[in-house]
Amino acid sequence: MQDPLERLDDLMRRLIEADQAGEPMEPLALANELGAIRAGIVEARSVVPRPGGERHFRCESCGTVVHGTNPPKACPTCGKTKFFAADLESPIVDAGPA
Ligand SMILES: [Zn+2]
């Protein structure tokens, strides 16, 4: 999937173009695209794993990242209980220019 922020930029550009053209975007299509972008953001793995096996979990609702061996029972920020694993599958190692 396209990077969520690129997708968001693209959507903003299309909204501006739609406004300038006087042809508004279909609200449901807009809602679907925003939902897909939101899912891409909350599900994205973006945290380098800690040494020692601790993992990171991102709250599906508010985005708070918590570390531990297991997801927390509830988000410390919003109290919701659904989390996505946020650790990168393989840590990005900066190897310098290729
Ligand atoms: Zn939360």
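1. In this predicted model, cysteine 75 is in contact with Cys59, Ser61, Cys62, Thr64 and Lys80, leaving aside residues up to four places away in sequence. In general, nonpolar side chains tend to be buried together in soluble globular proteins.

2. Serine 61, one of the contacts of cysteine 75, sits in the loop between β1 (55-59) and β2 (65-68). The C-alpha atoms of serine 61 and threonine 77 lie 9.8 Å apart, with a sequence separation of 16 residues.

3. Is serine 61 buried, exposed or partly exposed? Serine 61 has 15 other C-beta atoms within 10 Å and is therefore partly exposed, since a buried residue would need 20 or more and an exposed one 12 or fewer.

4. As to the fold, the chain contains two helices and three strands. Read from the N terminus, the order of the elements is α-α-β-β-β.

5. The overall dimensions deserve a remark. The chain has a radius of gyration of 18 Å, whereas a compact globule of 98 residues would have one near 13 Å. The C-alpha trace spans about 55 × 45 × 15 Å along its principal axes.

6. Of the 98 residues in the chain, 8% are buried. Among contacts between residues at least 6 apart in sequence, 44% link residues at least 24 apart.

Methods:
Residues are numbered from 1 along each chain as its sequence is written. This is a predicted model: local features need pLDDT of at least 70, side-chain atom pairs count only at pLDDT 80 or more; totals for chains, interfaces and linings use all residues. Two residues are in contact if their C-beta atoms, placed from the backbone, lie within 7 Å. Helices (H or I, at least four residues) and strands (E, at least two) are DSSP runs, numbered from the N terminus. The radius of gyration is taken over C-alpha atoms; the globule rule is 2.2 Å times the number of residues to the power 0.38.
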